[in-house]
Amino acid sequence: MKRILTPVTLALLLLAACKKNDHPAEPEKPEAEYLRLVVSDAEKAQITVLEPVSKKTAVYPVHSAKPTLYATSTGQFAAVISRAANLVEFLNTGIEAHGGHLHVHPQEMSPVQFTQAGPTHFFAHEGLNAIFNDGAGSLSLFKDSDLEDGEGRVLPVAAPHHGAMVIYDDHTIAVTQKDGSASGTLPEKVKIIDRFGATLHEAKIVTKGIHGDAGNGKLAAFGSQDGILIVQQNGTQSLINYPADFGTNWLGTVLGRKGLPHFFGYTAALGLYKIDPANSQITPVLKNDNQNIVQYVLDTDGKFLYVLLKNGNIKVFDAVTAQLKTEGKVTAAIADGTAAESIPSFAVSKKIVYITDPANGAVKMFHAGNLKETGSLNVGGKPYKLLVVGDQSGLQVEDH
């Protein structure tokens, strides 16, 4: 039976169609509006804050050139560590995530500074941040709110050494200990403390030296000369043995993210490896043939592993399967013997790969999915290292 449309029905259908087209879906923005880049300089004691969407820049003096940069757990603050000067400064982006939206305040350097001896290693997880102070054998432990109206807490945890720590989901902390059984400054073992410094679980395994650490909220993984030391939140400890072809080499850098059940480790002599605690296995991801690996980064969500090579390419691996996803050229080839301040450095957001162009005082941008160049940001000076802070998810701003 043929349906006949009355004039009224036809008008209603046309009105509904118009309403559907009144507010077409907005095109996806190339980057979150309130994401910020913090860029250090190789020659000047300053940091530059870039706004990728608006292209605005702001420059802040800091104590030293070439400081180490880290983002706090929420991304609101950037820690600027000048190790030799025993000083940690903080940039407050003013971008505060709160209940699924943002509060935005003026950007400024925090009045809070830390002055413990030898601030070196940084770890942030679930709202809590920690810095291991090698020269004091202490932890500077703080939340973002402490950088606005407080000073955090200093916990003496060990004899001075080149230490590290991992924060668990419950804010207990696995922290290295030095007992002197191994020569040098590397620690030999790990214990678990609460956030007030009380020991919850003593060390159970003593190694010949520890360097490198990562956590996923439930497990902590430390690189050691004897294998990868896995420390569970309940204090249980075990070693994952290195493959036979490692010889005397060991993984001195470890990467991990919350929700990722495994870790990644690196040794310059051999390359990048996947560390699987569930099966006690260490398997190759990318061999460091001809010392070709320059830098490696896990994204914030632990979805992808990015590796910059000397030929100027970035390889992108699926962090879950450890399989190569894509590869693309992001910079000119880096010649052997290139000075550190002239080597490009990169950071990643959910959408963009940012890489420094030291020769031209700029930061180039590449789409994270296909590594196609999308633009460039002028920094000036000689950009050295860079850090993603602020909001990566494109949250809306609310004033309440």
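The model is predicted, so please read every value below as computed from it. Salt bridges come to eleven in the count, and aromatic pairs come to seven. An open sheet of four strands is also described, along with a lysine-and-tyrosine meeting point around Y384.

- D226 and K208 join their side chains in a salt bridge, with 3.0 Å from N to O. D226 sits in the loop between β19 (219-224) and β20 (227-232), while K208 sits in the loop between β17 (199-201) and β18 (210-215), so the pair ties together parts that are 18 residues apart in sequence.
- How do these two partners stand towards the surface: is D226 partly exposed or buried, and is K208 exposed or buried? D226 counts as partly exposed because its relative accessibility is 23%. K208 has a relative accessible area of 55% and is therefore exposed.
- D301 and K350 make another salt bridge, and here the N to O distance is 2.5 Å. D301 belongs to the loop between β26 (293-298) and β27 (304-309), and K350 to the loop between β30 (346-348) and β31 (352-357), so this pair ties together parts 49 residues apart in sequence.

**Salt bridges elsewhere**

- K315 forms a salt bridge with E327, and their closest N and O atoms are 2.9 Å apart. This pair links distant parts of the chain, with K315 in strand β28 (residues 313-318) and E327 in strand β29 (residues 324-329), twelve residues apart.

**Aromatic rings**

- Which way do the rings of F90 and F142 face each other? Their pair is edge-to-face, with 5.4 Å from centre to centre and 70 degrees between the planes.
- F90 lies in strand β6 (residues 87-92) and F142 in strand β12 (residues 138-142), so the pair links distant parts of the chain, 52 residues apart. Both of these residues, F90 and F142, are buried.
- Y242 and F246 have ring centres 5.1 Å apart and planes at 10 degrees, so this pair is stacked.
- F90 and F142 return in a group of three, because together with F114 they form one aromatic cluster.

**Charges over a ring**

- Y384 has a charged neighbour in K66, whose charged end sits over the ring, 5.6 Å from its centre.
- The charged end of K385 also sits over the ring of Y384, at 5.1 Å from its centre.

**A histidine contact**

- H103 has its place in strand β8 (residues 101-104).
- Its relative accessible area is 12%, so H103 is buried.
- The side chain of H103 makes a polar contact with the side chain of H101, at 3.2 Å.

**An open sheet**

- Four strands line up in the order β10-β11-β12-β13 to form an open sheet, and the pairing is antiparallel.
- Why is one side of β10 left without a neighbour in the sheet? β10 (119-125) stands at an edge with a single partner strand, as does β13 (153-156), so one side of each is left without a neighbour.
- From one strand to the next, the twist averages 20 degrees.
- As background, strands of a sheet pair through backbone hydrogen bonds, either parallel or antiparallel.
- Six bridges join β10 to strand β11 (residues 128-133), and the two run antiparallel. In this pairing, F123 stands opposite A130 in β11.

Terms used. Residues numbered from 1 in each chain as written. Predicted model: local features only at pLDDT ≥ 70, side-chain atom pairs only at ≥ 80, totals over all residues. Heavy atoms only, no water. Buried < 20%, exposed > 50% of the residue type's maximum accessible area, 1.4 Å probe, protein only. Polar contact = N/O pair within 3.5 Å; in protein donor to acceptor, adjacent residues only side chain to side chain. Salt bridge = Lys/Arg side-chain N within 4 Å of Asp/Glu carboxyl O. Phe/Tyr/Trp six-rings, centres within 6.5 Å; stacked < 30°, edge-to-face > 60°. Lys NZ or Arg CZ within 6 Å of the ring centre and 35° of its normal. Pairing = 2+ DSSP bridges. Axes fitted to C-alpha atoms, helices over the stretch in contact; angles between N-to-C directions.
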